[in-house]
Amino acid sequence: MTNTSQGLALLLPPTHASNILMLLFNILLATAIIFLNLSVLVAILLNRRLRSENRFMYMLSTCLSDVCTGVSYYYVGVFDINDKLGSPTWTYYIVHTFLGLSYMAILAAQADRYHAVVSPLKYSQRMSLNRTLLVICTYWLYAFFIVAVHNIVTKGTARQVTSLGTLVGNIFTIVIMIGLNIRLFIIARVQQRREQGIRERDGKRASVNLILVVAAFYLGTWMPIFCHVLICSFSTIRCFTFRNEGTDPIRILPRVNAALTPVLYIKGCTPLKDTLFTRVWRPCCSRRR
């Protein structure tokens with residue numbers, strides 16, 4: 001019998017203390033992802049000045065996709081779910097799509113900061129707020145268009161498209177992200193030596209440094225699963241697979257990053273932090289009292 005006919009089973013049977021701790025960890029992780037990302041999302045929406053800057057729109061996109069990641073992790077991280085093509089408990093690529101949207105948002109934000117730093121005049125002329133929102137809407141629509149295609153075609157075709165397309169796409173985007181990170185780091189160091197004490201320049205450097213740190217952590221948490229997929233795709237040795245995503249450490253890492261990213265946003269952006277404490281968290285705490 002399948003899980004759907006028996007009812008959903010927990011991630012691990014609650015017969016040992018280690019199993020209970022693993023289950024609690026995943027519940028707390030999903031809760032932290034939702035709480036932190038939703039807090040940052042609301043803070044950006046409440047502050048008109050933040051909403052008028054392109055970089056905060058990418059933050060908004062990342063937080064929105066990560067909120068969805070947190071909600072979906074209550075399903076794949078708490079229950080015994082085999083989220084693979086053909087499984088009775090799979091999510092039709094939707095859960096993985098939310099993680100991919102965060103990836104695309106950070107890559108787009110890197111490209112945006114690179115354009116802003118290298119060609120500030122052209123950037124101000126080309127990248128209006130509406131065009132930035134158009135870019136964000138484009139990769140959201142593209143992601144769910146791919147999901148729709150995968151669910152329309154046959155399972156065999158979906159497997160071929162997913163395995164080959166995802167592998168090639170990941171290779172190219174990882175190389176681009178690493179290249180942009182190195183290039184942005186070099187530019188930030190050069191500009192830091194040339195320009196000191198100018199408030200506007202300090203703000204630009206802060207935004208570059210923030211996206212550098214966010215991208216670095218993103219790469220650090222995604223590289224293990226990327227290398228695992230790469231090795232398993234080209235190796236003749238059969239790779240070990242965990243029973244479900246909630247017990248697989250290389251699949252838990254991207255979820256940890258989903259909770260870490262808003263913390264980096266708060267830590268690295270003073271206007272966002274001020275808005276969060278004064279207009280989101282403090283009013284909520286006052287109402288409870």
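**Figure 1. Contacts and overall fold of the predicted model.** Of the contacts in the protein with a separation of 6 or more, 77% join residues 24 or more positions apart. A contact here means heavy atoms within 4.5 Å. This is a predicted model, in which local features need pLDDT of at least 70 and side-chain atom pairs count only at pLDDT 80 or more, while totals for chains, interfaces and linings use all residues. Residues are numbered from 1 along each chain as its sequence is written, and side-chain values use heavy atoms, leaving out hydrogens and water. The secondary structure comes to 11 helices and 0 strands. Along the sequence, the pattern reads α-α-α-α-α-α-α-α-α-α-α. Helices (H or I, at least four residues) and strands (E, at least two) are DSSP runs, numbered from the N terminus.

Figure 2. The accessible surface comes to about 16100 Å². Carbon and sulfur atoms hold 66% of that surface. Accessible areas come from the Shrake-Rupley method with a 1.4 Å probe, and for residues only the protein chains shown count as cover. How much of the protein is buried? Buried residues make up 42% of the 289 residues. Buried means under 20% relative accessible area, exposed means over 50%, and partly exposed lies in between (1.4 Å probe, protein chains only).

**Figure 3. N26 in helix α2.** N26 sits in helix α2, which covers residues 17-46. Is N26 buried or exposed? N26 counts as buried because its relative accessibility is 0%. Leaving aside neighbours within four places in sequence, N26 is in contact with L11, Y73, G77, G246 and I252.

**Figure 4. N37, also placed in helix α2.** N37 lies in helix α2. Its relative accessible area is 0%, so N37 is buried. Which residues does N37 touch, not counting residues up to four places away in sequence? They are T62, C63, D66, V67, A258 and P262. N37 and V263 are 226 residues apart in sequence. In space, N37 and V263 are 8.6 Å apart, C-alpha to C-alpha.

**Figure 5. T261 in helix α10.** Helix α10 (residues 249-268) holds T261. T261 counts as buried because its relative accessibility is 1%. Not counting residues up to four places away in sequence, T261 touches T62, D66 and V214.

**Figure 6. V78 in the loop between α4 and α5.** V78 is placed in the loop between α4 and α5. With 8% relative accessibility, V78 counts as buried. V78 touches L10, L11, L23, I27 and Y73, not counting residues up to four places away in sequence. How far apart are V78 and A9 in space, C-alpha to C-alpha? The distance is 8.9 Å, although V78 and A9 are 69 residues apart in sequence.

Figure 7. Y92 is found in the loop between α4 and α5. Y93 has its place in the loop between α4 and α5 too. Y92 is not a glycine, yet its phi is positive, at about 60°. Phi of Y93 is near 70°, again a positive value in a residue other than glycine. Y92 counts as partly exposed because its relative accessibility is 46%. Y93 has a relative accessible area of 14%, so Y93 is buried.

**Figure 8. The largest cavity and its lining.** The structure holds 1 cavity of 30 Å³ or more. About 130 Å³ of space lies in the largest cavity. Of the 13 residues that line the largest cavity, R55, M59, A109, S207 and I211 are the closest to its centre. On a 1 Å grid over the protein atoms alone, a cavity is a set of points where a 1.4 Å probe fits but cannot get out, and lining residues have an atom within 4 Å of a point. Grid points are joined across faces, edges and corners, and a volume is the space filled by probe spheres set on the points. Which helices each supply at least two residues of the lining? They are α4 (54-76), α5 (94-118) and α9 (199-234). The lining has 8 nonpolar, 2 polar and 3 charged residues. Ala, Val, Leu, Ile, Met, Phe, Trp, Tyr, Cys and Pro count as nonpolar, Asp, Glu, Lys and Arg as charged, and the others, Gly among them, as polar.

Figure 9. A disulfide is a covalent bond between the sulfur atoms of two cysteines. The rule used here asks for a pair of cysteine sulfur atoms within 2.5 Å. By this rule the count is 0 disulfides. C68 is partly exposed because its relative accessible area is 22%. C269 counts as buried, at 3% relative accessibility.

How values were computed. 1 Å grid on protein atoms, 1.4 Å probe; cavity = no way out; pocket = protein on both sides within 12 Å on 5 of 7 lines; lining within 4 Å.
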